[in-house]
Amino acid sequence: MPYTILMLASTSFFSDYGNHVRIWEEAKAVQQLGHRLVLATYHNGDNMPGLDIRRSWDVPWIRRAVVGSSRHKLYLDVGLAWRSLRVAREIRPTIIHAHTHEAAFIGLTLKRLLGIPLILDYQGSMTSEMLDHGFIRRTNPLFPLLTRLERRINRDADAVITSTVNAAHLLRRDGSVRPDRLYTVVDSVNTERFRPFDGSPAWEAQRCELRRQLGIPADRRIVVYIGLLAPYQGTHHLIQAARIVTTHRPDVHFLIMGHPDPASYRAYAESLGVGDHVTLPGRIFYRDLHAYLALGEVAVAPKMSRTEGNGKIGNYMAMGLPVVAFDTPVAREFLGDCGIYAAYGSAEDLAAKIELALDQPEWAQELGRRVRERAVRNLSWKRAARQIEEIYHTVVGAAGAKS
């Protein structure tokens, strides 16, 4: 039987970055299996075709996407809770599927009011994200309370879906989720759209036009990055690595795509003397991302967070790009023995590994071919949707057995 799913997202959906891509691709894939899905989210963000989006009340002084931990979320989540309750009463969902702990906290209230099972789609630890963003310190008296709240949400959800095996391992070690309620559905990728540059005249013309629009000289070899711009994403380390690489190799250019606040990182690149070798175009629409990634010879994933997913790596892999990443469990989970790993947190080693990939193009291209095969084999959204559907079956069946 098809289900009616109320998906909750305490974020400014859609804003063209990792977790939003997961929400969007999951929603599309689940709908393609015949289920009805309604998404409740914040007031701002892009509408996406084919997705029934119900937004919370308007907050006129917030127009930019709210990214990560923010004091504004305190009242934005109140608005989302009100909208979610109204939508739930209207559509009478079979399942609540919540992205982020804040959304799951709202979902727990709906679960108790309406007797609906709740699934938490876990992208990372709520309190770890707060620490990564500098929103709170471990010494803050609120930190233990927030940690207990996070554990409570984990424990009370009927199922927890992690985007990486590493996250599932951390939750098992933490003990806040029963093993029979813990599942992994890895971040996947559309390997038909994200595919290697094929050398066709049409695609070559597009690449030349994009270079022209971005102001990147035709003789530059391009290193690409896509994602949020933030310290915990390793953006400072990447620009520092760009300074080192371009000192040795002036024919290399860094295309660092994403948001928020690219202007401050442009200023940082200028302060290091590499402004003419670093381009920060800001937000790139997800629908166009494959064309921009096709400009790259090497891709980088310098994320510092040890608990969050890293979906950009899947996009790099599908494009057939050799990937240089900081050595973290999540990066190794995606790339296996096909990755190029830099010492965690070292801009110097990140630069060295980027240079290694540039200096040995045949080896790097072979790694790119292998990661492409790995993506096609392991990172299908159709496969992920079937896994999610089985989890729905399990939690609905368990809820029915209790009633």
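In this predicted model, seven strands form an open sheet, which reads β3-β2-β1-β4-β5-β6-β7 in order and has parallel pairing. Its edge strands are β3 (52-55) and β7 (182-184), each of which pairs on one side only. On average, and with direction ignored, neighbouring strands of this sheet are turned by 25 degrees against each other.

- Strand β1 (residues 4-9) pairs with strand β4 (residues 95-99) in the parallel sense, and five bridges join the two.
- Opposite Leu8 stands Ala98, which belongs to β4.

- Helix α6 (residues 165-174) lies across β5 (118-122), β6 (159-162) and β7, and it runs at about 165 degrees to β7.
- Helix α15 (residues 381-402) lies across β1, β4, β5, β6 and β7, running at about 130 degrees to β4.

**The six-stranded sheet**
- Another open sheet has six strands in the order β10-β9-β8-β11-β12-β13, with parallel pairing.
- Because β10 (278-279) and β13 (340-342) stand at the edges with a single partner strand each, one side of each is left without a neighbour in the sheet.
- Strand β12 (residues 323-326) pairs with β13 over three bridges in the parallel sense, and the bridge partner of Phe326 in β13 is Ala342.
- Helix α8 (residues 235-248) lies across β8 (221-226), β9 (252-257), β10, β11 (298-301) and β12, and its direction is at about 170 degrees to β9.

Definitions and conventions. Residues numbered from 1 in each chain as written. Predicted model: local features only at pLDDT ≥ 70, side-chain atom pairs only at ≥ 80, totals over all residues. Heavy atoms only, no water. Pairing = 2+ DSSP bridges. Helix = DSSP H or I, 4+ residues; strand = E, 2+ residues; numbered from the N terminus. Axes fitted to C-alpha atoms, helices over the stretch in contact; angles between N-to-C directions. Contact = heavy atoms within 4.5 Å.
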